[in-house]
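Here is a short note for a colleague opening this model for the first time. Please read it with the structure on screen.

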Amino acid sequence: MSQKSLIRRFAGVVLVLLSTACSVSAASDPIVTGPVPKPLAPCAWWYGIGDSPAAWEIREAAKHYDVVVLNAWETSAMRRLHDLNPKVKVLVYKDFSSTRNYAGAVEGDRDSKYLPTGIGYHAAQQQHPDWFATDTNGKRIEWAGYPKHWQMTVWNKAYQEAWTKAVVAEVVREGWDGVLADNDFSSLRYYSPAVIAGTSDTAGTDRLLREGLDGLLQLSGDALEKAGKMLVPNVSESQLTPGRWSAHSRYSGAMEENFGLRGDNGAGELITFKGNQFKEQRAQAALGESWLLLITHTKSDQEERVGYASAALLASPHTCWTQADPSYKSPYWSIYQDARLGEAVEAANRLPSGAWTRRFSNGWVAVNPTKAAVRLTPPAGLVTLRGEPVAPETDLPPADAAVYVNAPKK
């Protein structure tokens with residue numbers, strides 16, 4: 001591992017320990033030495049893997065987004081984005097954990113030139129059939145809900161090396177800024193109830209996969225970093241494994257695909273704030289060196305508001321948020337991204353009620369991740385995004401948020 005990666009890992013672990021051991025007030029925020037980066041309101045990004053982007057979408061993306069993720073075959077769109085805005089980071093989608101044989105990933109009896117994965121289905125089938133994970137009955141594991149997605153032996157060193165070699169070569173050759181590595185998950189249960197051959201139960205299966213993905217992340221992350229490229233994994237269900245977010249965001253950051261959502265089938269508290277995940281994300285944001293790419297799947301104004309405000313609690317130079325639907329077919333822009341909150345002027349504060357607040361140079365956000373309404377006293381001189389005055393006291397419903405801005409100067 002490179003010295004830079006070692007420093008990042010050490011810093012992340014130390015900050016997590018600090019945030020865990022201290023109280024949850026503002027005074028418990030991690031101490032960062034050196035120049036303090038400006039914690040800006042969340043930037044916007046686009047997870048554009050659902051369809052080929054139209055020309056107008058590329059033009060708008062170049063104007064509005066700091067990060068764009070595209071499929072591997074969208075090389076022309078990637079180059080057009082770079083031409084329009086050299087500052088935008090354009091990452092290629094690659095899956096860590098599967099190979100696929102649906103149309104597009106394969107063309108008849110051969111693999112496509114550009115893959116959504118690191119290893120082609122036919123290449124594995126012909127040369128390394130042992131790279132397909134099997135259950136205790138010797139059957140290959142196809143992901144439920146995702147036909148023709150096949151679980152691979154991510155713990156196999158040869159698979160890790162082949163994945164890394166192929167992906168790094170493609171990224172360098174085509175000119176991508178780096179990789180968005182999907183399915184860096186903590187548990188197979190969201191895709192299959194299978195027990196992998198060689199393990200005795202689902203806990204053992206999950207442990208084998210996590211340890212394998214640890215190794216794949218390190219191997220590919222070091223190689224991409226050496227090549228001057230980014231690695232941003234989609235660290236799924238990191239709340240299930242304390243320390244996993246910190247460890248797996250140590251290269252160029254990490255992605256959270258289910259940010260700011262309610263538990264208990266949409267009726268409970270916000271699961272983002274449960275466990276150690278939010279503390280680890282705060283620690284990463286405080287360092288200000290890597291990307292937090294956050295997605296909230298929104299079906300209502302409340303979910304949109306909660307997602308954005310929760311991201312604002314993690315404001316940093318590289319915290320980006322987007323609303324989305326699971327198809328990822330269209331770029332999204334939220335009214336809250338037009339709020340122009342500016343720079344955070346204080347750390348996120350957790351109140352005794354369990355609510356969180358944060359003041360910005362041009363506004364204020366509050367998030368109530370609990371199951372009960374809480375009473376808040378917003379700072380004076382704020383208005384809603386519609387320009388309506390904010391009351392001196394307000395009751396914030398459970399699993400809801402508020403985004404207010406400074407009243408216009410007269």
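Is H9 mostly covered or mostly uncovered?

1. **Burial of H9.** H9 is mostly covered: 10 of its 13 residues are buried. Buried means under 20% relative accessible area, exposed over 50%, and partly exposed in between, with a 1.4 Å probe and protein chains only. The buried residues include Glu304, Arg305, Tyr308 and Leu313.

2. **Ground rules.** This is a predicted model, in which local features need pLDDT of at least 70, side-chain atom pairs count only at pLDDT 80 or more, and totals for chains, interfaces and linings use all residues. Residues are numbered from 1 along each chain as its sequence is written, and side-chain values use heavy atoms, with hydrogens and water left out. Helices (H or I, at least four residues) and strands (E, at least two) are DSSP runs, numbered from the N terminus.

3. **Span of H9.** Helix H9 covers residues 301-313. From first C-alpha to last it reaches 19 Å, close to the 18 Å expected at 1.5 Å a residue. The expected span is 1.5 Å times one less than the number of residues.

4. Contact here means heavy atoms within 4.5 Å.

5. **The parallel sheet.** An open sheet of 8 strands runs in the order E9-E8-E3-E2-E1-E12-E11-E10, with parallel pairing. Its edge strands are E9 (230-233) and E10 (253-256), each pairing on one side only. Neighbouring strands are turned by 25° against each other on average, direction ignored. Two strands pair if DSSP finds at least two bridges between them.

6. E11 and E12 pair in the parallel sense over 6 bridges. Leu292 has Thr319 in E12 as its bridge partner. H9 packs on this sheet, touching E11 and E12, and its direction makes about 170° with that of E12. Axes are lines fitted to C-alpha atoms, for helices over the stretch in contact, and angles run from 0 to 180 degrees between N-to-C directions.

7. E10 pairs with E11 in the parallel sense over 4 bridges. Met255 stands opposite Leu293 in E11.

8. **The antiparallel sheet.** An open sheet of 5 strands has the order E13-E14-E15-E19-E17, with antiparallel pairing. The edge strands are E13 (349-350) and E17 (382-383), each pairing on one side only. E14 and E15 pair over 5 bridges. Arg359 has Trp364 in E15 as its bridge partner. H9 packs on this sheet as well, touching E14, E15 and E19. The direction of H9 makes about 65° with that of E19.

9. The structure holds 3 cavities of 30 Å³ or more. E1 (43-48) and E12 each supply at least two lining residues. A cavity is a set of points on a 1 Å grid over the protein atoms alone where a 1.4 Å probe fits but cannot get out, and lining residues have an atom within 4 Å of a point. Grid points are joined across faces, edges and corners, and a volume is the space filled by probe spheres set on the points.

10. **Two positive phi values.** Which loop holds Arg340? Arg340 is in the loop between E12 and E13. Its phi is near 55°, a positive value in a residue other than glycine. Arg340 is exposed, with a relative accessible area of 53%. Ala399 has phi near 50°, also positive and not in a glycine. Ala399 lies in the loop between E18 (394-396) and E19. Ala399 is buried, at 2% relative accessible area.

11. **Glu393.** Glu393 is in the loop between E17 and E18. Glu393 is partly exposed, with a relative accessible area of 46%. Glu393 and Leu376 are 17 residues apart in sequence and 5.7 Å apart in space, C-alpha to C-alpha. Leaving aside neighbours within four places in sequence, Glu393 is in contact with Arg375, Leu376, Thr377 and Pro378.

Methods:
On a 1 Å grid over the protein atoms alone, a cavity is a set of points where a 1.4 Å probe fits but cannot get out, and a pocket is an open set with protein on both sides within 12 Å along at least five of seven lines; lining residues have an atom within 4 Å of a point.
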